[in-house]
Structures are given as C-alpha cells and as structure tokens.
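Thanks for coming. I will take a few minutes on one structure, so please look at the sequence and the model first.

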Amino acid sequence: MDNKAIAGILYETADMLEIDGQDSFRIRSYRNAAQAIENHPQPIKDIIGEPKKVLEIPGIGKGMLINLQELFKQGCVTVHAELLKKYHPSMLQLLRIQGLGPKTIALIWSAYEVCDVDAVEKLAREGKIRILPRMGEKHEQKLLKAIEDYRRIGGRFLLDAAEAEAAKLTDYLAKFTGFEKITPAGSLRRGRETVGDLDFLVTGKACCTDADREKAGEYVAQYPPLMDMISRGDNKVSFRLRSAMQVDVRLLPPESFGAAMQYFTGSKAHNVALRQRALKMGYTLNEYSLADLKTEKPVAGKTEEEIYAKLKLDFIAPELRENLGEIDAAAQHTLPPLIAQADLQGDVHMHTVETDGRNTIEEMAEAAKARGYNYIAITDHSKNLAFANGLDDKRALAHIQRIRSASDQIEGITIFAGIEVDILADGDLDLSDSVLAEMDIVIASVHSVFNQEPAKMTDRLLKAIANPNVSLIGHPTGRIQLRRDAYHYDINAVLTAAAQNKVAMELNSYPDRLDLNDVHLRQAKQHGVKIVINTDSHHTSHLEKIRFGVLQARRAWLTKGDVLNTLPEQKFAGAMKHAW
Ligand code: DGT
Ligand code: CA
Ligand code: CA
Ligand code: ZN
C-alpha cells in the first residue's frame, strides 16, 4: 500500500466523519494526516515498524499512528470500516462526484437515508433535492450534471460513444492531404464493451519526415472539439476532448504501420504472448517491426498480416486478441469462422407504440426490411412494467392479431408475434400460459426486484426456463454498463437448464447492455446453449445497434451455427419452440 492509497483512506474517513456530524477538530486531524502522508517522501510502509519516525511526520499524533498500525496489521482502519458499515460502501462513490461534498451528502442522507449514485440521481430527477434546506433548483441541476460527468470521466466510455468520437475524428483527419490510412486501434478496434481512451494511428506521405510530422501534428492540434492538449511529441499528439475522452494520435511512417497496428491494437496480454512466441522463433517484435534477433534487420512491419504470417500464425481477428487461446488456435489452424453481421436474418426483440416504443409495427417492419432482414419479431412489454404501459392478457391477444395482419400486408418480411414477458419475483411469468402459447416467440426477462439473494434469483430464472412457452431469456444478467451491476445468480446452473430445455440466451446489443457479455457468451457456448442476437429497439434508428452485439459475439468466438437468428425463417420459428 503506497502513501497515496493510505492518504485516500484517511481522506475518506474525514469525509465520512463529516457526514456523520462529528466534531470538526477530529475531522481536520484526518485531513491533515492525509495531506502529510500524501506529501511524505518516504513510503509509510517502510517506516511503520519504527513508530518514532512516523510520529516525526507533522500532523501525525499517537491516535493516527494507531490507525496506521491497524491498517498495516489488519488491512483496514477501524473507524473507516465502522463508518462504511454504518452507511454503505456506495457512499465512497458519492464522495468521488465533483462538487458533491460531505455536507450535501449528509443532508441527503438525513432526509432520505440513501447514499448511492443511482438513488441520488433519481431523487434529483424527481425534484426531491431542491426542497432540502440550503438547496434549490440550481443546485439540483448542478448535481445532475456532476453525476453525468462522474459517469463519463469515471474512466470508461460506452462502445457507441467511443465509436462516434472516432468517426468524427476520422472525418477531420481525412481532410488533411497526405494522410492515407487513418485507423482507430486499441480496445475500440477489438470491440471491447467499453473503451478507456482512443488510440489513433495515421500514416501516409504526410508522416514520413520530422518536418512532415511537425506540420501534421499542427493540424491534429487544431481539431475543434479538442479541449486540453495533454502532450505533443515527435510522432504522438495526446489530448482530451470536450466529451472528456482522451485521444492519442500517432503519426507513423508507412513501413512500420502494420507493426504499430499490431502493437497498439493490443491487447497487452496478447502482445506479451505474441512477443514471447517471436523471441522463441528468433525474432524481436515491437511497435516498429518484427526483426531478426541477431541482425536486427526488419523482416515484417508494413502490414499486420505479414507479421502474423511470419510468426506462422493464421491471421487473428482483433476481437480475439485477448490471450484467451487465440495464439495456439492460430498456430493449429483451428480458429473458428466468426459470425458476421451479414449472417443475421432477423432481429427478434423490439418494442412499438403499443408499449414504450416510438414506432408502429409497420414502421419497424419497413425499417428492418430496408436492412435486408427476412424476419423480425415484435416483442412488447407485459403489464408488470406499468410505466411502459405493458400488455395484459387481453391486450396481448389483440396485439398478436395486429402483428399477424401487418405481417400479411407487408411483403418481403415476416413479422413474428412475440412478447417480452416479465419474470416476476417468484419466477412466475406475467401473462397466462394460454396467451403465451399463442406467441411465436416468448422472451422472458427480469425487470424488477433485482436485488434478490443469488439462490432465489437462480430459482427464479430456472422456473422461467422450465416454462415450456419460453423461447429465450432477455438480457440475462440485467446489467446496465457504468450504471447497474448484473444481478447475482448461479449462471452455470441457469446455462445447464437452458441447454436441457433448449431455451436460448439473448445477446442484447444495446451498447449499455451488451448482455450476455463476451465472457458469459463463451460460457454459454461451452454449455451448448444457443444465442439470439437482438437490439431491443425502441425506435427504428436503434436497429443498427446490432453491430455492437455482433462484435461481442465475435469476441466470444461464436460462429454462425451458435446463433439462432442466422437460421432461415421456418427453422428459426421451430427453434423458438425448442427445436434445435
Ligand atoms: P483501454 O484504452 O483501457 O480501453 O484499453 P486499450 O487496450 O486500448 O489499452 P491502451 O489504450 O492502454 O493501449 C493501447 C494498446 O497499446 C494496448 O491494447 C496494447 C498496447 N500496449 C499498451 N501498453 C503496453 C505494454 O506495456 N506492453 C505491450 N506489449 N503493449 C502495450
Ligand atoms: Ca485505448
Ligand atoms: Ca491509449
Ligand atoms: Zn427488457
């Protein structure tokens, strides 16, 4: 534990003491100690065995010394741990929100006894913060903005946000004469579910000499959305965008572009394993080239393909580069043919104006047809989702009729009648079995009571899977990225049951869901469970988000055969009735 981490714990303690209404002298003593330790040149861990030396640090008295000794002996400071127990660990997240100090948190706590970011955000949206003493509408708005920033700056960005920033920057760079190749690398190219920063690689005539790169760098620095310049070197420009996203643009000579692509696409773990293989074969591999170990002469570097080929590997798709077996598989020519977006014949999770969607059945169908799909399913919500105007048995039956007649009227695409039915807290479904039996597709999803004990949640899902009407489980872990954790249950038990009952698992492509995620998808495949890739569209413009799902499926090594909505219409309909 370094001094910075120790100081962090003491700062947190001070903040929590303040929330707790303790006396200001005591609070200050923790802040002072934190500051002193943060600035102390010697690591506390080296001197903790010599109390005299610790006591020599200004601001550290006998009481604080005991805290520090506790920290090194038991791994925590008692006061800190007790305060966390009294409130909730989520308090620490609130404290990290810029502009939301202990005083405000204390105020919110005393009024509502909540201290997690989601709950505070909800209160603010409901106008329940402004009515507190010393607050007001302005404060409330500032708080909401701060929460939004916290979520973004909190580190990572959703894949679609990163992609949108990358597209804008690509357009800008493309206008400079002499940039011939412009490629985002890093986690974005690998299709990771969230992205930390953007790694841009640029090459062409404008990147050959130092003078060229100087001029090119000047152009990059003029990018209008650029907010802060972080650093500008010979061949790298790093900056932060107004969206708080950080970008590294690297200007590379053409002969090493492939090596740089390989290196900066990563992942780090993949690179380390690849470099070890190179060394064993008598090469060195870095961001400039693959070179002979002895003569240092480059043998490849212009393209990624030639690097992998020289290392006697089949080309490895960026999505697979996580050092999860892909290098061995590439050496043995056993990499799977990954699913592609063009393999999908339909999207079978979408909502309409009948519940919380924005478009009609017909509009959704026409938009899907324009994408080249052969079928879709309309799967509106069930009544448990009252705020979404969910369907009861009677409305659900009427909706089936509407869907079937729309399907008859619109040529060139089949519209399956479906439902996204809530799995209630006890595992029962929200509509009658007789109504569900009328559906072509039944997606069963959890939309409420997320915080059950894992055993209870497991039983809840097992019960839904056992219902013979259920075709697939929607967004099976319920996580909302950067916002809400997955609910906890025994995923192995659920996947085993799904395989036995031939109930599929959804890969929900919505960028903040991506649920199942890549790890769970791979697990599902190992259990023999089939996947359906959907968008969960609430508007025609959402249909295109399917590509984010496809990326995750590829990261999970899935092939066409693993995904049911690659099947032609009749076979797919059978698969939704457990024939797979
Ligand atoms: P991110 O930005 O956190 O979403 O993840 P990445 O994968 O984009 O990571 P980033 O931006 O830190 O670095 C980009 C790539 O550069 C990374 O995927 C692999 C490569 N790289 C970075 N640091 C190292 C390193 O220490 N060793 C090796 N071999 N490669 C590295
Ligand atoms: Ca990155
Ligand atoms: Ca980076
Ligand atoms: Zn849902």
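Tryptophan 557 sits in the loop between H24 and helix H25 (569–575); helices (H or I, at least four residues) and strands (E, at least two) are DSSP runs, numbered from the N terminus. This is a predicted model, where local features need pLDDT of at least 70, side-chain atom pairs count only at pLDDT 80 or more, and totals for chains, interfaces and linings use all residues. Residues are numbered from 1 along each chain as written, chains are lettered from A and ligands numbered from 1 in the order written, and side-chain values use heavy atoms, leaving out hydrogens and water.

Most residues other than glycine have a negative phi, and most peptide bonds are trans. Tryptophan 557, however, has a positive phi, near 70°. With 13% relative accessibility, tryptophan 557 is buried (under 20% relative accessible area; exposed is over 50%, partly exposed in between, with a 1.4 Å probe and protein chains only).

Aspartate 536 also has a positive phi, near 65°. Aspartate 536 lies in the loop between strand S17 (531–534) and helix H24 (546–555), and is buried at 6%.

Now the cis bonds. One joins glycine 266 and serine 267, with omega about -5°. Another runs from aspartate 515 to leucine 516, omega near 5°.

Which residues coordinate the zinc ion (ligand 4)? They are Glu420 (OE), His447 (NE2) and His475 (NE2), at 2.1 to 2.2 Å. Donors here are N, O and S atoms within 2.8 Å of the metal (3.2 Å for Na, K and Ca); water is not among the atoms, so sites may look incomplete. Both glutamate 420 and histidine 447 are buried.
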